[in-house]
Amino acid sequence: MNPLQRPLAILSALAEEQAGLVEQLQDAHCVTHAGRDFWQGYLAGLPVVLALSRIGKVAAATTSVALIERFGAGSIVFAGVAGGVGSGVQVGDVVVGTAYVQHDMDASPLFPRYQIPLTGQTAFAADAALARALVFACVVGLQGLRHDGRAPLVHQGLVASGDRFVSGQDEMRNLVEALRSHGHEPLAVEMEGAAVAQVCHDYGLPFAAVRTISDRADDTAHVDFPVFVRDVASVYARRIITELVRALAG
Ligand code: SAH
């Protein structure tokens with residue numbers, strides 16, 4: 001591996017989403033570290049390391065630190081699923097996050113609600129260039145696909161993360177209203193993105209993520225979840241990441 005080119009880390013939340021990527025990996029080599037499997041190799045000639053974030057903010061932060069400290073990742077991209085909470089953000093669409101907030105962070109009155117203590121920040125921005133590359137990869141990679149007879153839309157905006165699978169209409173409304181009253185307008189909720197964004201912020205490394213909308217975070221959020229991940233999200237993730245590495249490899 002060219003020592004000057006640090007690998008791109010590609011995180012998936014769920015094994016079904018990662019499977020297609022591991023299959024494409026050239027010179028694949030698996031290292032187990034911190035109870036996790038890290039797949040090193042090349043995609044489109046680009047050095048990469050693939051890992052499962054595991055579920056929730058702490059698990060994702062642990063994985064991210066390992067990717068950086070142990071595997072020398074130079075940037076991190078996340079492809080997963082999320083609940084759509086923005087208007088017009090529908091199942092089968094994708095959201096590329098421009099910034100990440102932790103909806104369950106509340107150290108008030110010591111710090112303003114949602115602010116990450118000692119950082120002075122409530123949201124961490126995605127790397128603009130990497131996020132743009134992801135949007136492009138979504139547009140190209142998802143071309144010709146339909147979900148429920150509809151072409152997937154590519155949204156860009158705020159993503160809210162927290163240690164909770166949001167699966168209730170009232171719960172979702174309360175969460176969104178509370179964020180809104182503090183000036184945050186989330187498009188999607190998930191459980192890892194803001195943690196990875198915070199780790200990358202601390203290390204000064206580029207981060208970007210794409211989420212396929214698997215549910216609307218309402219009372220039926222869990223119903224078709226496993227089937228959606230297996231049949232739809234895994235296909236999206238493979239297509240998007242394939243286009244991304246192709247573009248980055250230039
Ligand atoms: N059934 C899975 C667990 C899924 S947890 C299993 O057994 O492995 C939900 C995952 O999807 C998390 O990674 C989270 O980031 C994302 N997600 C999708 N919809 C969500 C929602 N409505 N609320 C929170 N996270 C959601």
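## Working through the fold

At 25% relative accessibility, L52 counts as partly exposed. Keep in mind that this is a predicted model.

### A residue in a strand

**Task.** Find the element that holds L52 and list what the residue touches, leaving out residues up to four places away in sequence.

**Solution.** Next, check burial. Buried means under 20% relative accessible area and exposed means over 50%, so the 25% of L52 makes it partly exposed. Now for the contacts: L52 touches L11, S12, A13, L14, A15, Q18 and T63. Finally, pick S12 out of that list. L52 and S12 are 40 residues apart along the chain, yet their C-alpha atoms are separated by 4.9 Å.

### Under the cover of helix α1

**Task.** Which residues of helix α1 are buried, and what does their cover include?

**Solution.** Helix α1 spans residues 15-24, so go through that stretch in the model and you'll find E17, Q18, G20, L21 and V22 buried. Then look at what lies over them: the cover includes strands β1 (8-12), β3 (36-43), β4 (46-52) and β5 (75-84), along with helix α6 (225-249).

### Two helices side by side

**Task.** Describe how α2 and α5 pack: what are the angle and the distance between their axes, and is the crossing left-handed or right-handed?

**Solution.** Two packed helices are described by the angle between their axes and the distance between the axes. For α2 (residues 57-69) and α5, the angle is about 35 degrees and the axes are 8 Å apart. Their crossing is right-handed. On the α2 side, the contact is made by K57, A60, A61, S64, V65, I68 and E69, and on the α5 side by A195, V196, V199 and Y203.

Now turn to α5 itself. Running over residues 193-203, this helix has G193, A194, A195, V196, A197, V199 and C200 buried. Just after α5 comes G204, with a positive phi of about 70 degrees.

### Pairing up charges

**Task.** Work out where E177 and R180 sit relative to each other, then look at two further salt bridges, E171 with R164 and R230 with D231.

**Solution.** A search of the whole structure turns up 11 salt bridges. Take E177 and R180 to begin with: their side chains meet at 2.9 Å, N to O. An α-helix has 3.6 residues a turn, so residues three or four places apart point the same way. E177 and R180 are 3 residues apart in helix α4 (residues 169-181), which puts about one helical turn between them. E177 is partly exposed at 44%, and R180 is partly exposed at 38%.

Next comes E171, whose salt bridge with R164 has its closest N and O atoms 2.8 Å apart. Here E171 has a relative accessible area of 24% and is partly exposed, while R164 is partly exposed at 45%.

Last, R230 and D231 meet at 3.0 Å, N to O. D231 is partly exposed too, at 41%. Salt bridges that share partners also join K57, D104 and D163 into one network.

### Into the nonpolar core

**Task.** Which residues of the largest nonpolar core touch the most other members, and which helix gives the most to this core?

**Solution.** In soluble globular proteins, nonpolar side chains tend to be buried together. Here the largest nonpolar core has 72 residues, and I10, L67, I76, F207, I240 and I241 touch the most other members. Helix α6 gives the most to this core, with 11 residues. Zoom in on F207: its contacts beyond four places in sequence include I76, F78, Y100, L130, V196 and C200. Another core, of 14 residues, lies apart from the largest one, and among its members are A160, A178, L179 and A217.

**Task.** Locate a cis peptide bond and the positive phi values of A34 and L118.

**Solution.** Most residues other than glycine have a negative phi, and most peptide bonds are trans. The bond from S108 to P109 is cis, with omega near 5 degrees. P109 lies in the loop between β6 (94-102) and β7 (123-125), and L118 is found in the loop between β6 and β7 as well. L118 has a positive phi of about 70 degrees and is exposed at 79%. A34, in the loop between β2 (26-33) and β3, has a phi near 55 degrees and is partly exposed at 44%.

Note on methods. Residues are numbered from 1 along each chain as its sequence is written. This is a predicted model: local features need pLDDT of at least 70, side-chain atom pairs count only at pLDDT 80 or more; totals for chains, interfaces and linings use all residues. Side-chain values use heavy atoms; hydrogens and water are left out. Buried means under 20% relative accessible area, exposed over 50%, partly exposed in between (1.4 Å probe, protein chains only). Contact means heavy atoms within 4.5 Å. A salt bridge is a side-chain nitrogen of Lys or Arg within 4 Å of a carboxyl oxygen of Asp or Glu. Axes are lines fitted to C-alpha atoms, for helices over the stretch in contact, and angles run from 0 to 180 degrees between N-to-C directions. A crossing is left-handed if the near helix is turned anticlockwise from the far one by less than a right angle, and right-handed if clockwise. A nonpolar core is a set of buried Ala, Val, Leu, Ile, Met, Phe, Trp, Tyr and Cys residues joined through side-chain atoms within 4.5 Å.
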